Amino acid sequence: MDFRNYITQEFTPVVMVVSSPQAEAACQQHNGLTVVDLLRPYGFFHHLSVPVRTVGDTAYRIKEFRLRFFASADMFQPSQEAADEYLKGVVSASATEHKAHEAQDVLQALKKDEVADSTPWFNGYRKEFVRTLAFGEHETFDHPIACLLVLHAQAEDPVADFGDLFKSAPLPPLMKAGLMEHKILKHYLLLHDDSLKLDGSYLKAEEKLRSVRASLGASSCHLARINSGSGDPACTLGYEGLWKAHIRGSIPGGGAGEPAERPPVPAAGLGARLTSADVDSISKFLEDFTVRALLPHLEGRVRGLNHQVTATRRGLRNQIKTLLWRKSSADSPAAPDYHTALSTLRLLSSDYKIDKAWRNYAGVQEMLGLTLFMTGGSMSEAEYSRQHGQFGEANYALMKAHFQEENLRAALLLEQAALYLLHISPPGIRKFAFHMVLAGLRFNACDQKQLGLSAYRQVLGVYAGRQWSFIEEHLHDVLGKQSREAGDLEAAVQHFMAMLPCAHSPEHWQAHYLRQFLEAVQQAQAAKGELAALELPLPSLNLDRMTIFFDDQVVHANAEALKYPEEHWRKLEAPFLPGSDASLSSWLDGASRNNLAALQCNTAVAGETLGVDLELANPLAVELQLAHLRLVYEHESGASGGSNAYVQVLEEALSLKAGARARVRLKLRPLRPGLLTLKGVEWLLNGHALGRRMFTVRKRTHRRSNSRLPKQRAANHILTFSVLPAMPRLDVALDDLPSRLLEGEMHRAPLLLRNTGAMPLQSIRMLISHPDVHCNPDNSDLGADAMACLAGERSRPASSSASESLEEPGLILKAGQQLYAWSPGMVLAPGQQLSWPLWLHPRTPGSLTFHCTWYYEPSGVVEGMKHRLLRLTQTIDVQAALRVTPSISICQDDLHRCLLRLDVENGQATSPIALRQLSCSGSWRVSSLSMEGPHGSADARQEDEAGGGTSLDPQVVVAPLTRLSLFFHLHPPSSATGDISAGASWIPLANQVVQYFKTQGRLTRQGVLMTRRSTGDLLASPPPAPLGWGADLMLAWELREQQAGAAARPARLGINHLYNCKMQEAVPVRMMVHGESVVRHGFANDGMCLVRLVLCLRNCLDQPASVCVEAGAGPGSSTLDSTGSWCAAPGSSALPAHASLPAIPLGTPGVPAGMLATLGSTGQPDSGAGPLALPATPDYVWCGRTRANIPQLEAGQTSQVELQVAVFGAGTYELTGVGVSWTYPDLDNLHATKLGPPFLVTVEEAA
Amino acid sequence: MGTSVLTFVIVGHEDHPIYEADLSPKAADPAARDERAQYLHQFVLHAALDAVEEQLWNTTSMHLSVVDKFNNLLVSAFVTAANVKFLLLHDGRSDDAVKLFFKDVYEVYLKVLMNPFFTPTARITSPAFNQKVRTLARTYFRT
């Protein structure tokens, strides 16, 4: 409402109406209107043109004029309590009328630019509030300027009655107090009641009028005629709205211009008996009254007062008069007068200030404000500010105002203040929200629930989702409680639900909120039956981490298999599926694939379980109980909800402890073909609240993308499944597969294949990805223990009834992959199973990861799926067990044998390892020699007859974390080897499994070497092939874990293969000196003793050689790099240790070759000196034939050369100086020279 | 100052509080915490955002001093270049102390911001940051 209009409408002159009871009755009885009601609609004159001249010399015309009518009896201020009570009623009625509780969110309203300046209830309140303030002690706005006396026309003596009426009339408070002069303008009205139907009564009335006019003045008396109508509802004027607009609510106890009780409304509505003639007569009367009497009266009054004021200027005496004057002057609606009024008022205010008449002063100030406003001055009053767009200031004024007010008024003011904030640019939404919340609090405090609710609802949007946790909690708390009180249980449930994720609150609050929510849910259920599922925030679900598991054409046997990408498996499965290689696809295939993708669904098989892994978390400190946790689905047939003929839903139940997290797999089993969509999850929280969370389709959910369309498969379609009819399904179980194995262990795990589908299957093929895993070609030895399988003859009948064999045993593909195929005729019926031994032999410590995949076909025709695949991945920890380092050197006392030394180290921390057997590949043989080390006492029994190996019996035990060395003889293949038959625990090299792993190992090793070579790492020492000699060794061991009570566990069997063991130094020609080691000779008879020696030579290469032997000469050079020394043995009893002998170089440079003897320097032993001090004595001489040539020594052949040495005294001699040089003409003239081995001989004096 | 009020909030984008701390000495004692007051504080702080955005344009400095008040609660503000707002609700601390406090918190905040794993819209959960803010509060406000 325009404030200017408001002022001109509200602050208008008041006419006091005093009516006689008869006149009232005549009016009320038939029309339901009081006399005042009757007059009010006609108190507005807009077509006037009355010239007025007040202060100045110029006259102006009044064009519009308003009058307010009040019954004199009602002209008092109602009591505070009554007024407040009444105003409350006004507000709540207004709130109900305008549907306050349906207030929309302020943000949306702001977007649509629908923010109102003020709320309807505020306007209503303001209007009524101003009214209750009327007739106050200090203000005169509502003081009457004229008095209208109304008499019934039937009155006997109107003149006297008029006088009585005025005297007996209750006066307004100011008049009663004597502040106001009693002498005001009086006007007289006679009401003629037509309904009395008395003949000629109207004439009589006119007569009375005349008499009254004669005595009271012609211009101040009027006659009006009413009730001329019939009262028939059909012919009313239809002015009811007009009457109603001017009737205001009654305050209990009356006052504020309205009677305490209104007359009853007649059946035909208000003003039932009034005709247009009646109405016209009233309006004509009022116009006459205004123009002829009132305005001239006012004009004179203003002029008089002004004169008084200007004359006397100031003084208390003026007070009353000026008040009156002020009144009238303010009422004058013409602009020039406002200025006059203003100046006068300013004068007055200073008067009042001096006089300390504060109340009056305030009144004057107020009036000043109004006047100023009308003259366009500035003013900081809230309404005024609003009018001028200064909403901010308005807000400030209202905020200031609200503090001292009682709740309702404060709330209204706050609300209004908040609204103004929205009109500031940019809108102060957050402040608005705060004010609204405060208003809401006040509303609630004064029981205006609807308005409180509305205030809160509007601001919810401002705060929601902004993570101001306490604010949201508070809002929802209040809203929830109020909704519950208002009976809107569903809203209450919603609000209480919004409070649930309150992890920041202390535990008892959390528990309280939860309880409150559940109670609300129960109440709502009691009231409305089953509630729809709620979007419960508890527990919190992480849908981003949702994983869907299902089996279509591909079945993953374990979770680990899922971790590998599709490409990996495609590569592995390529041998099964010729032509499906992804790399071969071209754009031509695109069309058909897109068609498949256009189906936008995954494939599932009826009767098989779909799983969804969900992560649940409980953010609260209160335990949550979840029951009936299940998937929500929609089947093509329309079925949904729980289990039915189409789908079987498996429900879960769990309880989440405070702060706990859980991962749950929800399962669902489609039973019939069709299209199935997973929609979401449902659960029952703490037994009462049904929660539901829908899957958002847009989100990417991980799954292993199926088969060939990993990219085309749009991630958002994967919740839909095309369910195929029942299929066969192969499940695999690897029983007895430990999580850790030892390096080199031979472990047998039974592989159990089982058809768990609904159809028979056939054409099973299997692929194993790792060379360390192997499958037996038949499954006959499943019953026996692992040792028995490896050892012993294949004594079982070839065609045992229980055994089946592979059609294609172990086809080895690239990179150690093995392909197995079972006979296509073999059919596995549903429920039937097939077990097969799987051998594991990890060879490197670390971890062994291998993949197995199976291919099979349904034995019947199933549309949509020709074959299925099963994938399995296993990872096993491999621990270091036995480290074996072989070293081979030539045997000094034999031209054929070699010496094998095995350094064995047990890498196990706790368990000792027992060595069982050492075998050698090819036709070489191993025999035990002796042993040194910590367990040196162990006796190794030689079992030469066992062919390629030796078993260690009793077994050599290597204690944990120790190492020891074992020594063996290696025999060349020359001697014939018998078949192997060394008892039950003997592992033959020819065993299929052992053989397989050995071959694989060699391949792997070569592969490694090849790669190394290619990278140039190991270019240094590739030994020349002809000189190399490689033997493959196999060391079998077993480990019994020493655990209390675990004795029943079978020993763990292991095999270490040692490939290509070579001699440390390869010698093409091996040589050995034979001869008598003790010679007796009588030196007394003969001073020279001849010792005969035989030098045996063997050509170890496969090419002929020519060999030259020269005794006592340097081999090809003048310097001997070997040492020759002797030691005299006076007692000739013991041979001193070699190491203690001083090394004395023999010979000198420049000694010509071909000398018969090499003489050392001669010297005498020092007296009393020990053996160390003895000088070297060159007292032996090579003699006889000192040079021999063997022009042709065939490969592998042995030759002997006889040598002689002359000794000249008793003692022990180390005979050296035999040089052997050889040449291989066929091997690029390979030539070398070497000293022959030293030979010790002891010459004793013959008795 | 028996019931001193000292609440510090960092408000990020879209009015999301990314860090909240009750720095008053009583905050350490959960029993003494007045829950009603916490509601009121949040309301006042949130409402002050309007005032902050209004005052932004009146000054070139980051520190806006007292921008809003409600009864005896004052809200001081500091706005970073990225329009992240530091708000401090207090009951009449000296503006100099508040200014210094904001300045030092800003330094610490920048360190948090430099963490490559921190996104400016995420909540600050770093315990080190929390500790430092509390130390600063103790230094400047002697709480």
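Which residues have the most contacts inside the largest nonpolar core? I started there, keeping in mind that this is a predicted model.

**Entry: cores**

I found 57 residues in the largest nonpolar core, and Phe517(A), Leu668(A), Leu678(A), Leu685(A) and Phe695(A) have the most contacts inside it. Helix 22 of chain A, residues 507–528, supplies the largest share of this core, with 7 residues. I then looked up a second, separate core, which has 55 residues and includes Leu451(A), Leu453(A) and Tyr456(A) along with Leu64(B).

Back to Leu685(A): leaving out residues up to four places away in sequence, I listed its contacts, among them Leu514(A), Phe517(A), Leu536(A), Leu624(A) and Gln625(A).

**Entry: rings**

In one of them, Phe78(B) and Phe102(B) have ring centres 5.6 Å apart and planes at 40°, so I logged the pair as tilted. Phe78(B) belongs to strand 4 (residues 73–79) of chain B and Phe102(B) to helix 2 (residues 95–114) of chain B, so the pair links distant parts of the chain, 24 residues apart. I checked burial too: Phe78(B) is buried at a relative accessible area of 5%, and Phe102(B) is buried at 0%.

Phe86(B) and Tyr106(B) make an edge-to-face pair, at 6.3 Å centre to centre and 65° between the planes. Phe86(B) sits in strand 5 (residues 85–90) of chain B and Tyr106(B) in helix 2 of chain B, so this pair ties together parts 20 residues apart in sequence. Both Phe86(B) and Tyr106(B) are buried. I also traced a cluster linked by ring pairs, whose members include Phe8(B), Tyr19(B), Phe78(B), Phe86(B), Phe102(B) and Tyr106(B).

One more ring, in chain A: Arg672(A) lies over the face of Tyr646(A), 5.1 Å from the ring centre.

**Entry: charges**

How many salt bridges are there over all chains? I got 23 from a search of the whole structure.

Arg663(A) and Asp613(A) form one at 4.0 Å, N to O. Arg663(A) is in strand 17 (residues 661–670) of chain A and Asp613(A) in strand 13 (residues 610–617) of chain A, so the bridge ties together parts 50 residues apart in sequence. I noted Arg663(A) as partly exposed at 41% relative accessibility, whereas Asp613(A) is buried at 11%.

Arg1080(A) bridges to Glu1244(A), with the closest N and O atoms 3.1 Å apart. Arg1080(A) is exposed at 59%, while Glu1244(A) is buried at 17%.

Last, I followed a network of salt bridges with shared partners, which joins Arg430(A), Asp15(B), Asp50(B), Glu53(B) and Lys85(B).

Definitions and conventions. Residues numbered from 1 in each chain as written. Chains lettered and ligands numbered in written order. Predicted model: local features only at pLDDT ≥ 70, side-chain atom pairs only at ≥ 80, totals over all residues. Heavy atoms only, no water. Core = buried A, V, L, I, M, F, W, Y, C linked by side-chain atoms within 4.5 Å. Buried < 20%, exposed > 50% of the residue type's maximum accessible area, 1.4 Å probe, protein only. Helix = DSSP H or I, 4+ residues; strand = E, 2+ residues; numbered from the N terminus. Contact = heavy atoms within 4.5 Å. Phe/Tyr/Trp six-rings, centres within 6.5 Å; stacked < 30°, edge-to-face > 60°. Lys NZ or Arg CZ within 6 Å of the ring centre and 35° of its normal. Salt bridge = Lys/Arg side-chain N within 4 Å of Asp/Glu carboxyl O.
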